[in-house]
Each structure stands twice: as C-alpha cells, then as structure tokens.
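User: I would like to learn how to read the overall fold and one side chain of a model. Could you take me through it step by step?

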Number of protein chains: 2
Amino acid sequence: MTLTLQDCRDRDAQDLLRPLRDLFSLPAGQIYLDGNSLGAAPKATAARVASVVQNEWSQDLIASWNKAGWVDLPLRLGNQFAPWLGAGQDEVVFTDTTSINLFKVLTAAARIAAEDGPARKKLLTERSNFPTDLYIAQSVCQQHGLELVLLEPEEILPALDDDAAVLLLTHVNYRTGAMHDMEQITAAAHAHRILCVWDLCHSAGAVPVDLRGANADFAVGCGYKYLNGGPGAPAFVWAHPRVVNRCWQPLTGWFGHAAPFQFTPGYAPAEGIRRYLCGTQPIISLSALQCGLDVFSATEALGGMQALRAKSLALTDLFIRLVEERCQGHGLGLATPLHHAQRGSQVCLTRDEGLGLDGQGSGAYAIIQALIARGVVGDFRQGDGGLGRHKDILRFGFTPLYVGFEDVWNAVEQLRQVLASGEWREPRFHQRQAVT
Amino acid sequence: MTLTLQDCRDRDAQDLLRPLRDLFSLPAGQIYLDGNSLGAAPKATAARVASVVQNEWSQDLIASWNKAGWVDLPLRLGNQFAPWLGAGQDEVVFTDTTSINLFKVLTAAARIAAEDGPARKKLLTERSNFPTDLYIAQSVCQQHGLELVLLEPEEILPALDDDAAVLLLTHVNYRTGAMHDMEQITAAAHAHRILCVWDLCHSAGAVPVDLRGANADFAVGCGYKYLNGGPGAPAFVWAHPRVVNRCWQPLTGWFGHAAPFQFTPGYAPAEGIRRYLCGTQPIISLSALQCGLDVFSATEALGGMQALRAKSLALTDLFIRLVEERCQGHGLGLATPLHHAQRGSQVCLTRDEGLGLDGQGSGAYAIIQALIARGVVGDFRQGDGGLGRHKDILRFGFTPLYVGFEDVWNAVEQLRQVLASGEWREPRFHQRQAVT
C-alpha cells in the first residue's frame, strides 16, 4: 500500500517531539532540509543576544567576566552538552571553529604519537572527508613530517597498521550521510596504538554519540549545524582524560593557561580540557549557541537522543520510500545507506548522468535550485565529474527537532513536480551562486 | 593656576567629538576608564545582532551566505577599517582571535625567515609584552626550533642582528601605555632582514597607525578594546603585500582556500589576505563588531584619527596633571611616558611600596577596587613583587570616543577621596576576583 499525505499528517499528530518545532523561528512557506549545513534559529536567540549586549555588556562592562560568568561559558556549555556526546563533565569546551579545534587535536595527536613511537609516520583519513578536515590534516602533516593517506571507506580497516600515527574520520560523511561504526574502528585502530580523532560535525545532536563508550581519543564538532548555534557558531573539542594532559596543544593562548589572569610570562597549560582554549572567548556567539543547546536540554524530558534518533530514522526512511514510490523514472539513486546503523540524519540522492542533460552534468545542481525556488531547501554537493567514484549529490538533511512528516511528503511532492515538469532545465537554475 | 571642575566642563563644551558619546550605551553613574580592556557597547549593537538573528539567519537561513553577504564580511570589515591602520584595500580581515592570528603570522614569518636564511634562529620580543603574545611565541619557537629572546625596551635596538628571524612587538604596552616608534624600529630590524610583527591591541583605534608607512611586515589586533566590537569580538590580521603570498599560514581551513566552495581535496591558499581566514566565520560576532567600526566611520567627518588623537592626549595630559595637583603625598608615581610620541591612550600609575600597607603590597589592587565601588572603573595589573622592574600598576584607559574631560576630573576626585580617606584598606577591597 502506498503512503498518503494523510498518513504523514497522522504521524505528525502522534509525534511526541512535535512541540519542539515551536521553539524555532522558521520562515513561512519553506521546508528547510539544510539544517546539516546551517541549523535553524531558536526563537530565544534574538532576545538572548540583544540582552547580552544591552545588559551584560553595556551595563556591567568588564565586570561581566565575573558577574555574568563569561569566563566559564566555554566550559559551562561543554558540560551542558557533554551527555549528548557520551563525554564526562569538564571534558568538553565550546570555542573557536571546527577547523581550528581540529588543528589543535591533530597536532596534539601527532605529538603524542611521536613520543610513543617515532617510527609512526602516517596520518590516515577518508578521501571524501570534508575538505577543511583534509586541508588542516595536510598542514599538520607538513609541519610534523607525516604522510597523509587518503582512503576509501572500505580501505580503512585494512590500512590500520603499526606505521600509522593518527586516524582522522568524520563520523557521518557530509556527502553521503554514511555513518562509521566508531567503536569498532576505534578498537581496531587502538590495536595498532593509532590515536583516533573523530569529527562529529554531522553527528553531534543528530545521532547517538558515545565518545567514552567508543573509547575515542579526541573529537571535534560543529555548533552551527544540528546544534543550531547560529552562522559560524563556536565549535567544540573533547579529549579523553588519558590523553588530555599529555602535551601542549599548539595554540597556547592565555585562556588555556593554568592561571590566565596572573599574567606570568611562561606558558603553563591548564589541567584538562581548558588547555584547548586559546584567545579571549566570543561571548555573544557563545550566548547564541547556548539557546541552541537549551533546545537539547528541553528534549531530555521528551526522550532525549533515543527519541530524536527514532524520529530521524523515521523521517529519512519516509523520504527514501516516498522518493522510490513517487519519483521513479528520473534517474535518481540513493547514496545514503539503507541500513540504519550506517545512516546519519540526512538522505543523499544521486542522478545518473546523460539523461537528456544538455551538457549540464547530472542536473543535480539545477534540480536543487528549482526545488529552492519552490521553497524546499536542500543542497548540492559536486561530484568528480565521472573521474572517480563520487557522483553529484542532492543532499537533504532531516533535523528531527523541527522537521515533520508532512514536510517530507511535501518535499518529495515538489521534487516530483520539478522532475516531471522538467522546469529545472531552465537556464536560471544553472547559474552558480558564490556559496552553494 | 590650578585647574577646576569648571575648566573641565568648558573643555567638554568645546569638544567637537562630544556627540560621539551619544552613540554608546553607557551605564549611569559610572566613569568607565577600562575601554582598553573591554570597549563600551555602541547603541546600535543590540538591535543589529537581534536583526541578524531574526532576519538574516531565521528567515533566509543558508541563503544569507550570499544574500546578506556573510561570506565577504571578514574582508568587508577589514576594508572598512583599513584606513585607520594605514593599510590598503583587501589587506585586512577580521577573524578568529588575536592569539590565533598571532600564531598564523608568527608561523608565516618563521617560515619565510627559514627560507631567506636558515641560520636565523631567534625570535625577539619584549619581556613585558602581553602574556598571550609570549605564550604563542613560545609555542611557535618550540615548533620551529627558534630561541625566544625576551628584552627590556632599551635592549631592543641593540639586540637586532643577523641571527634574528622575527621581531614581535606590541605597539603600545598594556602595562605602561608606552608606545614604540614603529617606523624607526621596523627600519632598524629590516636592516638585518628581520621580519617585523606588530601587535596593535592597544593602538588600533586609539593612536595613529600607519602600517604601510612604517613598512611593517605583519600586524594583528583586537576587536573588543578600542574598536568596541563586544566581548571576545573577532580580531584582525594584516600582512604586507610583499609577504602575504609567500607561504601558507598553518591554519589551512576552507575559508582560506582559493575556491572554498568547490570542495577540492588539496589545499590551495587564496591570493592575498583571505588566506589568513580558517574556518567558517562567526557572523553574529562580526555583525556586532561592525557597529563598533561604524563609530569610526562616523568619526571621519569630525576629523578622524587626528581629532581622536588630539583629544586622547588632552585627556591623558589632564589626568596626569590632576593626579599631580590633587593626589600628592600618597606615593603615586607615573609609569606612562610624558612625551606624547611615546604615549598610548592610557595612563598607568604606580604606588611606592611600604607606605603603611599592612602587608598588602602596593595597595594598588585595593585602591582600584575602592574606586570601582565608587563608580570609577580602571584596572589593576600586578607587578613582580619587587623581584624585577615591574611595579604594581593602576591602569586607566581613555577612549576619546566616549570619555570626557569632566569624567577625568571626577575620576581624579574619587581617587583623591579613596586615598585621603584610606578606605581602600578595608578588607573587602582586598578580595581577589576570578578575572581582574
């Protein structure tokens, strides 16, 4: 039996997480399936940032570092979100950006590995890792005389050997939504004494994460995707207690000092994760981010991550099924794993090339643009033009906090119409934007 | 003839910059002389950040990277402020923190120096540089096999020799308010092919800066002091065109890539100062900072930096004179140079130790606390307890944008009363705060 719009409405009516949607300010007439690129704005955020400016900053000025608790905000937010990462208290800070935090932990891992076994000369990662991860890894390798080894997913386990120093993986792949088994891979890497660095940009707040349970070494992740912290929100960094104090991270700013306000001339890192702070912390941005984290705190009473994950899988299952049922005959394929244990909170479609594409590649870019014009916001990720194994991707993120089942129906219906009408072939949908 | 309160009021009445004060939201009943630690809030900022959240983020979501011009904001703000630094267009970006930007430019300078002459093994700086500068320099030296050489001010010129790779100086000293001659020192360093990195935290927006005129190599500076960008605001970084493209900076995130949205696997730095960007940029913080920079743009019609500098010197001259006239007999000394060409926009007082201090050191900390209790906000910087040449400091910053001449009178009058009454000896003024 095929699904109907009414089936989807019924599921929204039964959805215990539905009230969370009201915590967000969403544009009317839009179905936003790009929360894995930039999360939506909590309703609380605008008033919160205005209040931080008008009350804490304007009125109490410098005294707010103590009075409003600014000085502890990176750690306080880390503690607030730690349970969602399977991390302990005082193990997480929100600070700087994912790229910068990755530089810190990769350098730390390279230093620890060099101490433990100077012959280890490889940093392993996935070829389709998010580019900034590859760029930062490239810089760290250059500085530390390591070889950067790029692997396909199935090559990862076989590549683990005693020559490798560090394994850097993104838990959920940004292009495909495929999720690694963090515990299994970490254990296999540890058998060769390889340090494991996990990028949680597409998993924190989206799928269950258990850093301590998986026995990971380091992790970083994004504040502006599933955590809804705002554009360019501070990122987080975590280090397992067994490694956190083993070395300096390289960005030795005063906020990571053991006694930052004693103004001593020599650097002495703070004990624990505070040493991963660097410069003066961005209080307005951190305050905005807190509104995003507060939504997760509110979710705890509604079942927490277990409930979010169940809804996320129901949304992505529904999208996959409806695309199969309703968009046949247009060359769409599925890049995201069907198996739940291997799927993040997004669905990525491919489109077979050469189907009347008028020299416009797969058409994936134009289809996404045509969908956006109809109020369905997903995004496009470019493939390798047939040179390798990466096809163009139509990417749809499903944030269970604010996406509903009727949204999924309507998104697929718009996709069906875009494909059936062929409107995506219009030239206006082929013009590239600066940021896509 | 001694000065009177009426003299100060007359000077405010004649002050052409006086209207700028109305652009700030200042707490009633307070004289804020700590703008060199955290600048005051422009009135425009609260509404601006709320609007970025409510309109740009909430409503246009991911489309705002193009539509609201988010992607160019670091460079747009850099271009807006460049004239105040004597920098050219497309030479400055606002991003990350001073500490992180310093790590970028010091690493770049170390790499360029190694290329130009591998025998150069010293990084020179000032012993009383701001601690985070010393910590970051320490980390860069450790990574690059350089020796960190700490100098007293009078030792700098004699220390310049062909063994030195990099000279890092803060233009205006945070403890004393003493200002270096950037042009003279840079020329002397260049005679030995030493690269010059200038930290402008206490000079940008406070004193005339001419990076191109002084022929500097790199500069960094703070957004939250004299620029009034908000607590932990993004910092800036500048590189002279002759060095900007010579090497990668180490934080090779995707925003510094030549084509960040093409998602290519190998890092290729952007041409020019964009390569000093790293991760996704903090849009809410950058938008808040823009309100601070807008005040400078408004100042251009009132005489620009020349008018600001004239008022700043008049304020600090007045403060010094009034302390001399009205606070005699309490052991106060002056740590800030009297000579205008050597003075920033702050006045730092010392207090001779042993004057009935009941074992409380110089009393400087308690005097500042007693002043704060009376609504005059300066700050305290600890000395070396008589071990070296650094005395405890009572520090007063004078931001000509919002501090007036009557403020100076009233601040000195409160200082006089604190000293005359001896109230600072009360135990409550000796309790240390987390951040001081």
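Analyst: What follows goes from the whole chain to a single residue. This is a predicted model, in which local features need pLDDT of at least 70 and side-chain atom pairs count only at pLDDT 80 or more, while totals for chains, interfaces and linings use all residues. Residues are numbered from 1 along each chain as its sequence is written, chains are lettered from A and ligands numbered from 1 in the order in which they are written, and side-chain values use heavy atoms, with hydrogens and water left out.

User: How many helices and strands does chain A have?

Analyst: Helices (H or I, at least four residues) and strands (E, at least two) are DSSP runs, numbered from the N terminus. Chain A has 14 helices and 15 strands.

User: How much of chain A do buried residues make up?

Analyst: Buried means under 20% relative accessible area, with exposed over 50% and partly exposed in between (1.4 Å probe, protein chains only). In chain A, buried residues make up 65% of the 436 residues.

User: Where does A:Gln346 lie, and is A:Gln346 buried or exposed?

Analyst: A:Gln346 lies in strand 12, which covers residues 346-351 of chain A, and A:Gln346 counts as buried because its relative accessibility is 0%.

User: Which side chain does A:Gln346 join in a polar contact?

Analyst: A polar contact is a pair of N or O atoms within 3.5 Å; within protein, one must be able to donate a hydrogen and the other to accept it, and residues adjacent in sequence count only if both atoms are side-chain atoms. Here the side chains of A:Gln346 and A:Asn36 are joined by such a contact of 3.2 Å, and a polar atom of the A:Gln346 side chain lies 3.0 Å from the backbone oxygen of A:Tyr174.
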